[in-house]
Amino acid sequence: MDRKKVCEKSSAKKKLVEEHTQELTTEEIQELQSQQHTEIMQEIGFEESEEEVISISEIKEILGMWERVSQLVEKKHPEKVTIGRASDLFNDTCLTHFRNILRGRKKQTSLDMFFFLNGLQVKARKM
């Protein structure tokens, strides 16, 4: 092999190793789980378009209630490890969906505000 090919292979290996050694943040892991869940649900025929629209205040209320219930159960229930696992499973399986909806709506609201304010600035410049 000539030296150029060896260098290319070496740099490709280094790049691959670097990509796989980077640790994901909790948010990135949750995002990946959410994407996988959505893809699986779409594959088996569940479409999100059939869902009832839920308001941001309802989502916040659900998440707040879950936080209070989980804290109470974790404090009072004698089987801490089992409760922790069950709580994590419910949290990951059920509530991730609502958190993703909330996150998406917050992003959309931010984008809407950005474009609204930019539109106002453009109108002001024209006047």
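## A helix that fits its length

Let's start with helix α3, whose 21 residues should span 30 Å at 1.5 Å a residue; the C-alpha atoms at its ends are 30 Å apart, so the two values agree. The model you are looking at is a predicted one.

Which residues of α3 are buried? They are I59, L63, W66 and S70. These four cover an arc of only 60° around the axis, so they sit on the same side of α3.

## The nonpolar core

The largest nonpolar core has 7 residues, namely I54, I59, L63, W66, L95, I101 and L102. Two elements, α3 (56-76) and α4 (80-126), each give two or more residues to this core. As a general rule, nonpolar side chains in soluble globular proteins tend to be buried together.

Setting aside residues up to four places away in sequence, L102 touches I56, I59, K60 and L63.

T96 has its place in helix α4. Is T96 buried or exposed? With a relative accessible area of 11%, T96 falls under the 20% cut-off and therefore counts as buried. Its side chain reaches the backbone oxygen of D92 at 2.8 Å. Beyond its neighbours within four places in sequence, T96 is in contact with Q30, S34 and N91.

Q33 belongs to helix α2, which covers residues 26-43. A relative accessible area of 36% makes Q33 partly exposed. Q33 and T93 are 60 residues apart in sequence, and their C-alpha atoms are 9.3 Å apart in space.

## The whole protein

Stepping back, the protein has 4 helices and 0 strands, and its elements run α-α-α-α from the N terminus on. Of its 127 residues, 11% count as buried. The protein exposes about 11200 Å², and carbon and sulfur atoms supply 58% of that area.

Definitions and conventions:
Residues are numbered from 1 along each chain as its sequence is written. This is a predicted model: local features need pLDDT of at least 70, side-chain atom pairs count only at pLDDT 80 or more; totals for chains, interfaces and linings use all residues. Side-chain values use heavy atoms; hydrogens and water are left out. A nonpolar core is a set of buried Ala, Val, Leu, Ile, Met, Phe, Trp, Tyr and Cys residues joined through side-chain atoms within 4.5 Å. Buried means under 20% relative accessible area, exposed over 50%, partly exposed in between (1.4 Å probe, protein chains only). Contact means heavy atoms within 4.5 Å. The expected span of a helix is 1.5 Å times one less than its number of residues. The arc is that of the directions from the helix axis to the C-beta atoms. A polar contact is a pair of N or O atoms within 3.5 Å; within protein, one must be able to donate a hydrogen and the other to accept it, and residues adjacent in sequence count only if both atoms are side-chain atoms. Accessible areas come from the Shrake-Rupley method with a 1.4 Å probe; for residues, only the protein chains shown count as cover.
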